Amino acid sequence: MLEISGTPLERGRQYGEAARGRIAASVDYYAEAFGASSGLTWGQVTARAEAWLGPAADFAPDLLDEMHGIAQGAGLGVADIMALNARGEIIYDSTFAAMGTKRSESDMTDADHEDAPDGCTSFALLGPAAGDGHVYAGQNWDWRYGVRDTVMLLRIVQPGRPTVIMQVEAGQIGRQGANSAGIALNANGLGGRFDHAVGVPQTLVRRRVLDSPDPARALDVLFRTRAHIASNALLTHRSGFAIDVETTPGPNGWMYPVDGLLVHGNHYQAFVPPQLAHTYRPSAPDSLLRVPRAEAGLRRCRETADPAETRKFIREAMSDHLGHPESLCTHPDPDRPEVRRWATLLSSCVDLTTGEYRVTAGSPCENEYRLAPWNLYDGPSHD
């Protein structure tokens, strides 16, 4: 757990210095992972990452300054930090480059799918779905088991913008979390082959969403930014509003809660983009299992008016093992190479009514939700 504050460069330096060992471990892991999946050396990965420096500077120069600070504090180059922030985009480009122009997404092999962007199951729980009257947001964050020791909970105090709490891999400037304006962002990879024009990396898009002072401006970020890859964004606000936006480099789709409950996985649920319509198959078929299982488990939350029991029901729902190891609560598959094993790195449960931010230190089936040392609504104004 780390708190940073000050100017973008100062925040980055604090981050890089405090997390130097974890950032180095992240670089080591991805050097191995890219070598195993695509044969790229780390030098080739960072050379590709430089393609996003220009778009980052155009989109959010302050966040690029923060990355420069992280690099300085960690004793690395800014391209190393960009590679950690654009790792999903680089994986995406490497996967489809390997597929060649004569293959569609429906022709992807198991190995191709293993290199797809993050798997996750996200939820918003509000209105009639939450018997205690609170507004909850959270997710199981499923990604490579090999990065588990790089995961951090980061609090960012930034003048002029809401204070942000989020979970990230060391070196990243954005992923999923919540802010002092009462906005939560939970995100999921979607997959799909789009054109190769360079767009904005997801870590920058997500951080800018979390920098937003209200839901309207958060939606503005999602609809006015051309991201490089498709990704799902579930926005929840403490007022009891939630919307899910399936963002792509082309069109976006959206959906709203039903009876106060909204769950999203790693397949298109609001629409299938026209670019994919003729050949689309989910890159993570287990998502078709995870979503209804999470919905069924979370419906129990309408039965109690006790927040502690609500959190108990949430944890039990997110610990579901149907389809193990590729279940809602994901565990490493011993039949896969070690560098390609997936797991639920953490589960988050954020109470937007009280500002309490909880995460599990690992899979929810084995770990209780632990309260972060910071409340969302502490510190600078959150109006």
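**Close-up 1. Strand β12 gives the most to the lining of the largest pocket, with four residues.** The model shown here and in the other views is predicted. The largest pocket holds about 480 Å³ of space. Its lining comprises 27 residues, of which Val151, Leu346, Thr360, Ala361 and Gly362 are the closest to the pocket centre. Two or more lining residues come from each of two elements, β4 (151-157) and β12 (342-351). Sorted by class, the lining has 14 nonpolar residues, eight polar and five charged.

**Close-up 2. Six strands make up an open, antiparallel sheet.** Across the sheet the strands follow the order β11-β2-β3-β12-β13-β14. The edge positions belong to β11 (261-264) and β14 (370-371). Each of these two strands has a single partner, so one of its sides is left without a neighbour in the sheet.

Close-up 3. In general, the strands of a sheet pair through backbone hydrogen bonds.

**Close-up 4. The largest nonpolar core contains 83 residues.** Tyr15, Leu235, Leu352 and Tyr357 are the residues with the most contacts inside this core.

Note on methods
Residues numbered from 1 in each chain as written. Predicted model: local features only at pLDDT ≥ 70, side-chain atom pairs only at ≥ 80, totals over all residues. Heavy atoms only, no water. 1 Å grid on protein atoms, 1.4 Å probe; cavity = no way out; pocket = protein on both sides within 12 Å on 5 of 7 lines; lining within 4 Å. Points joined across faces, edges and corners; volume = space filled by probe spheres on them. Nonpolar A, V, L, I, M, F, W, Y, C, P; charged D, E, K, R; others polar. Core = buried A, V, L, I, M, F, W, Y, C linked by side-chain atoms within 4.5 Å. Buried < 20%, exposed > 50% of the residue type's maximum accessible area, 1.4 Å probe, protein only. Pairing = 2+ DSSP bridges.
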